[in-house]
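Reader: I am new to this structure. Please show it to me, and then let us talk it through.

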Amino acid sequence: KSGRPLVSETNLLFYTLVIYFGAAALYSGYAVLRDDVLFRTASRAVWFGFLLHNGAVALRWVSAERPPVSNIYEMMISFAWGIVLMHLIVERAYPFRFSGLLAPPMAALAIIMTMILPSDVRPLMPALQSNLLYIHVSAALFSYAACAISFITALLFLVKDKAKMAGFGVATSVLVSAIYLFLDNLSVVTRGGLGFQCQPENLRG
């Protein structure tokens, strides 16, 4: 008997992808019809997809013999996992039933990105072989996932409260542009300072 095994990292991610999109469709149905059966089915579907997602993460961890946070492929898998985890926490802890409209599709899109990325396991560079790397990257991924869920929740609350989205879009664009200009100017100043210090002629006595 030959062929690919039924339970593999790739297969589990594909099943998870399908379930997340299906759950998003059920959440959309709940948002329109306000049928509790649709909500409960969507929530259970996300839990089941999350269970399969855990299996894919675990298989990657075992095959790589390290936490799956060391390249873009693994980071996408872990980022999607973090988004769904944060969604489930929000759904369980707060009386807000609409984060499922965007959280599962975002996780599914991250999984789709893994399909076009190289998935082979590669050894880490000696300079990166430290437990601090896993702590740093894991903290960053959880932060990104929490930020994504916070953004989704805030955006949906604005839609629910019928906020003027045009004004919101303008204000957000201005804020993002101001932050970008500040960081760009800061990087120019930093590069200029470092560049001056590293000029060969400045090192001569």
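Predicted model: local features only at pLDDT ≥ 70, side-chain atom pairs only at ≥ 80, totals over all residues.

Reader: Which helices do the buried residues of helix 4 pack against?

Author: Buried means under 20% relative accessible area, exposed over 50%, partly exposed in between (1.4 Å probe, protein chains only). In helix 4, the buried residues are A103, P104, P105, A107, A108, A110, I111 and T114. Contact means heavy atoms within 4.5 Å. The buried residues pack against helix 1 (9-33), helix 2 (36-64), helix 3 (72-93) and helix 5 (131-160).

Reader: How many helices and strands does the chain come to?

Author: Read along the sequence, the pattern is α-α-α-α-α-α-α. The count is seven helices and zero strands.

Reader: What percentage of the contacts with a separation of 6 or more link residues 24 or more positions apart?

Author: The chain has 205 residues, and buried residues make up 34% of them. For contacts with a separation of 6 or more, residues 24 or more positions apart account for 74%.

Reader: Is L88 buried or exposed, and which residues does it touch?

Author: L88 is in helix 3. It counts as buried because its relative accessibility is 4%. Its C-alpha is 9.5 Å from that of A103, 15 residues apart along the chain. Not counting residues up to four places away in sequence, L88 touches V46, W47 and F50.

Reader: Which backbone oxygen lies 2.8 Å from a polar atom of the S78 side chain?

Author: S78 is also in helix 3, and it counts as buried because its relative accessibility is 11%. Leaving aside neighbours within four places in sequence, S78 is in contact with P68, V69 and L141. The backbone oxygen 2.8 Å from a polar atom of its side chain belongs to P68.

Reader: Which element gives the largest share of the nonpolar patch?

Author: The surface patch, of about 690 Å², is made by F14, V18, F21, L109, I112, M115 and I116. Helix 1 and helix 4 each give two or more residues. V18 lies in helix 1 and counts as partly exposed because its relative accessibility is 47%. The largest share, three residues, comes from helix 1.

Reader: Where is R34, and what is its phi?

Author: R34 sits in the loop between helix 1 and helix 2. It counts as exposed because its relative accessible area is 54%. Most residues other than glycine have a negative phi. R34 has a positive phi, near 55 degrees.

Reader: What is the phi of E65?

Author: E65 is in the loop between helix 2 and helix 3. It counts as exposed because its relative accessibility is 72%. Its phi is positive too, in a residue other than glycine, and is near 60 degrees.

Terms used. Residues numbered from 1 in each chain as written. Heavy atoms only, no water. Helix = DSSP H or I, 4+ residues; strand = E, 2+ residues; numbered from the N terminus. Polar contact = N/O pair within 3.5 Å; in protein donor to acceptor, adjacent residues only side chain to side chain. Patch = residues over 30% accessible without salt bridge, like charges linked within 9 Å, V, L, I, M, F, W, Y side chains within 5 Å. Areas by Shrake-Rupley, 256 points an atom, 1.4 Å probe, with all protein chains shown as cover. Salt bridge = Lys/Arg side-chain N within 4 Å of Asp/Glu carboxyl O.
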